[in-house]
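This report describes selected features of one structure, shown below.

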Amino acid sequence: MDAREMKVKAAEAALQHVEDGMRLGIGTGSTAEEFVRLLAEKVAEGLKVEGVPTSERTARLCLELGVPLKSLDELPELDLTIDGADEMDAALTLIKGGGGALLREKIVAAASARMIVIADETKLVETLGRFPLPIEVNPFGLAATRIAIEKCAERLGLAGEIRLRRAGESVFTTDGGHFILDASFGRIPDAEALSTQLNSIPGVVEHGLFINLASFAIIAGPSGARTLKAN
């Protein structure tokens, strides 16, 4: 089973939790896109749902495939969000934002009664940090914000390159008009402490640590999909 097949297996299992009439948060990324394609097939067969996309990219795919969409202002309380992850530990603490949609993803997840994470087993780690942590920042005062993040990391015993994300020759810009700093810390032993420190920096809009948001995860491997609950 290749990587795409594992993503499809996770998406298929997650679709079993979608009920008629649900208000759905719809995630961003390659695994979430497999879910959108499967969801669109069910919608074509008569399933009634309303989706809130977490990115312009997801919105375009949903509209292309016929999945009905609303804004989060129109549906401010959601029944369920289904989204992927770049990294996940046994407590279901996540690193997200590899696709650049972490702010909207976190807003939508927080507005949902439940969040199901879908991923292949390569995303499971003992300690977060192998995947660079995306930190969404305001373009104003970028240098000052980067220095503040470096000092914050140093206080927590973290070290590693903090790189401004680029898209070709240009600086990558999020749907909200912000920049992203990718922090390669290697290991993040205390995600809650880092989250608290980053949230105290004025130039930080949001970060990719998702703590106490996932209800459970559906993890796909060569032998199929399994459900993972927090330890």
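## Pairing of strand β11

Valine 137 stands opposite phenylalanine 179 in β11. This position belongs to the antiparallel pairing of strand β7 (residues 133-137) with β11, which extends over five bridges. Strand β8 (residues 162-164) also pairs with β11 in the antiparallel sense, over three bridges, and isoleucine 162 has alanine 183 of β11 as its bridge partner. Two strands pair if DSSP finds at least two bridges between them; strands (E, at least two residues) and helices (H or I, at least four) are DSSP runs, numbered from the N terminus.

The model is a predicted one, in which local features need pLDDT of at least 70, side-chain atom pairs count only at pLDDT 80 or more, and totals for chains, interfaces and linings use all residues. Residues are numbered from 1 along each chain as its sequence is written, and side-chain values use heavy atoms, without hydrogens and water.

## Burial of strand β11

In a regular strand the side chains alternate between the two faces of the sheet. Both faces of β11 are covered, with Phe179, Leu181 and Ala183 buried on one side and Ile180 and Asp182 buried on the other. Buried means under 20% relative accessible area (1.4 Å probe, protein chains only). Five of the five residues of β11 (residues 179-183) are buried, so the strand is largely enclosed by the rest of the structure.

## Contact of helices α1 and α2

α1 passes α2 in a right-handed crossing (the near helix is turned clockwise from the far one by less than a right angle). The contact (heavy atoms within 4.5 Å) involves residues of α1 including Arg4, Val8 and Leu15, and residues of α2 including Ser30, Phe35 and Lys42.

Notes: Buried means under 20% relative accessible area, exposed over 50%, partly exposed in between (1.4 Å probe, protein chains only).
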